[in-house]
Amino acid sequence: MAGTRRKPGQLGPQVEGYRAWLEHRGYTSQTVRNMLADLGQLGLWMSREGLVTANLGEDAMVAFAAARQAAGHRRTLGPRAMMPLLSYLREAGVTPEAKPPRTPLGVLLGEYRIWLVQERGLAAATVLRYENTARRFLQQQAMADGVLKPAGLAGADVSAFLLRECGRVSAGSAKGRVAELRAVLRFLYLQGLTPLRLGTAVPPVGGWRLAALPPTMMTAADVQLLLDSCDRSTDVGVRDFAIMTLVARLGLRSIEVARMELRDVDWRAGELVVRGKARRQDRLPLPAEVGEALVAYLARGRAPAGTRRLFLTCRAPRGPIRADLVGDVVERACLRAGLPRVGPHRLRHALAAELLRQGAGLVAISQVLRHQDLATTALYAKVDLTTLRQVAPPWPGTAR
């Protein structure tokens, strides 16, 4: 094993492949040497324990870490530290993929997950939220012996579950629970597991449409402070500036930024493809400010090569960013700029308010934000209080 005197044991054939796998994901040379040494120690421990690679899994990794600690090694390895090695061995086909135990509930949730993706076209984060609600609902409806019988569900079961959920969440989250509960009940009916359309038994959450004001708006100056707080002399700062420019100037959602691919930027046409909700794709003009931010990010080099996603993590293991990283980027910028902490969706609100202040109509704002319903955009008609005072009639009993 080049670079170390340790013997790799049973995992000797995997050394060079693992080295290339680590380097491709941006690990430093010293970290690569340490992780190759861990591979060698694991291979020797497997030989002593009589284990083969086909039996290597999470439990074996925990046992290996415990054995190292008992032997007095200074470097203690937790299960998380061994996950890169286990991931590589599974990708290389040396170790089989982990198979969760198949229970009736697990099988049903797996089918529900496929239905949400294929039939509903929901994003991964939305699927996870819908699946979690379905799991809680079905687990609570299981019999005392753990047997689930969907055919025995009734409207009272649905109402009781919703009441329990609404007692611990906000009104906005309760409306989400209603949609999630209706979805699983619709699935159960379409699969023939329930004889009744129990989705109609889910009561709506009280509340008037457009009754509330939008969240406290950020001004254009506040948004510029967030952008200026990025240190564009560093790789992280250039990437974060490009991410926030997309959110602040085009109103992209976090998931839309994370999904963006290199091919989505049409430099010749000056357009940007946005992969939105329910597999919807829209084309937006590419403003010069946004294009310059993307060029500055791409010009610094994007490793690993061959990755289609536009935005990648800056620390090992290098790979596509997740949607929640966009929120982290905005929150860190708020701390640097000395502003109250907000999420990326607040920048989307700020863009709508600024467009309205500059005289843009609701239809134009709806097209920029890619709202499917114009009534959603109508919420922003209430943010320009100065204009509203000029056009709104006086309240009864007040002087004109």
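Residues are numbered from 1 along each chain as its sequence is written, and side-chain values use heavy atoms, with hydrogens and water left out. Because the model is predicted, local features need pLDDT of at least 70 and side-chain atom pairs count only at pLDDT 80 or more, whereas totals for chains, interfaces and linings use all residues.

The protein has 17 helices and three strands, where helices (H or I, at least four residues) and strands (E, at least two) are DSSP runs numbered from the N terminus. Of its 400 residues, 38% count as buried; buried denotes under 20% relative accessible area, exposed over 50%, and partly exposed the range in between (1.4 Å probe, protein chains only). Contacts are defined by heavy atoms within 4.5 Å. Among contacts between residues at least 6 apart in sequence, 59% join residues at least 24 apart. Alanine 125 belongs to helix H6 and is exposed, with a relative accessible area of 51%.

The three strands form an open antiparallel sheet in the order S1-S2-S3, two strands being paired if DSSP finds at least two bridges between them. Strand S1 (265–266) and strand S3 (281–285) each have a single partner strand and stand at the edges, so one side of each lacks a neighbour in the sheet. Strand S2 (residues 271–275) pairs with S3 in the antiparallel sense over five bridges. Within this pairing, valine 274 stands opposite aspartate 282 in S3.

The structure holds 22 salt bridges, each defined as a side-chain nitrogen of Lys or Arg within 4 Å of a carboxyl oxygen of Asp or Glu. One of them joins the side chains of arginine 19 and glutamate 16 (3.3 Å, N to O). Both residues lie in helix H1 (residues 15–24), three residues apart, about one turn of the helix. An α-helix has 3.6 residues a turn, so residues three or four places apart point the same way. Arginine 19 is buried at 16% relative accessibility, while glutamate 16 is partly exposed at 47%.

Other salt bridges connect separate helices. Arginine 113 pairs with glutamate 131, the closest N and O atoms being 2.7 Å apart. Arginine 113 is in helix H5 (residues 104–118) and glutamate 131 in helix H6 (residues 124–141), so the pair ties together parts that are 18 residues apart in sequence. Arginine 113 is partly exposed, at 35% relative accessibility, whereas glutamate 131 is buried, at 6%. A further salt bridge links the side chains of arginine 332 and aspartate 240 (3.4 Å, N to O). With arginine 332 in helix H13 (residues 323–337) and aspartate 240 in helix H10 (residues 235–250), the pair ties together parts that are 92 residues apart in sequence. Arginine 332 is partly exposed, with 35% relative accessibility, and aspartate 240 is buried, with 3%.

A network of salt bridges links Arg129, Arg136, Glu165, Arg177 and Glu180. Arginine 177, located in helix H8 (residues 171–190), is buried, with a relative accessible area of 15%. The side chain of arginine 177 also makes a polar contact with that of glutamate 165 (2.9 Å). A polar contact is a pair of N or O atoms within 3.5 Å; within protein, one must be able to donate a hydrogen and the other to accept it, and residues adjacent in sequence count only if both atoms are side-chain atoms.

Helix H13 has 15 residues and reaches 22 Å from its first C-alpha to its last, close to the 21 Å expected at 1.5 Å a residue; the expected span is 1.5 Å times one less than the number of residues. Its buried residues are Leu325, Val326, Gly327, Val329, Val330, Ala333 and Cys334. The elements covering them include helix H9 (220–228), H10, helix H11 (254–259) and helix H14 (344–357). Just after H13, glycine 338 takes a positive phi of about 75°.

Cysteine 334 is buried at 0% relative accessibility, and cysteine 230 is buried at 7%. The structure holds zero disulfides, a disulfide being a pair of cysteine sulfur atoms within 2.5 Å.
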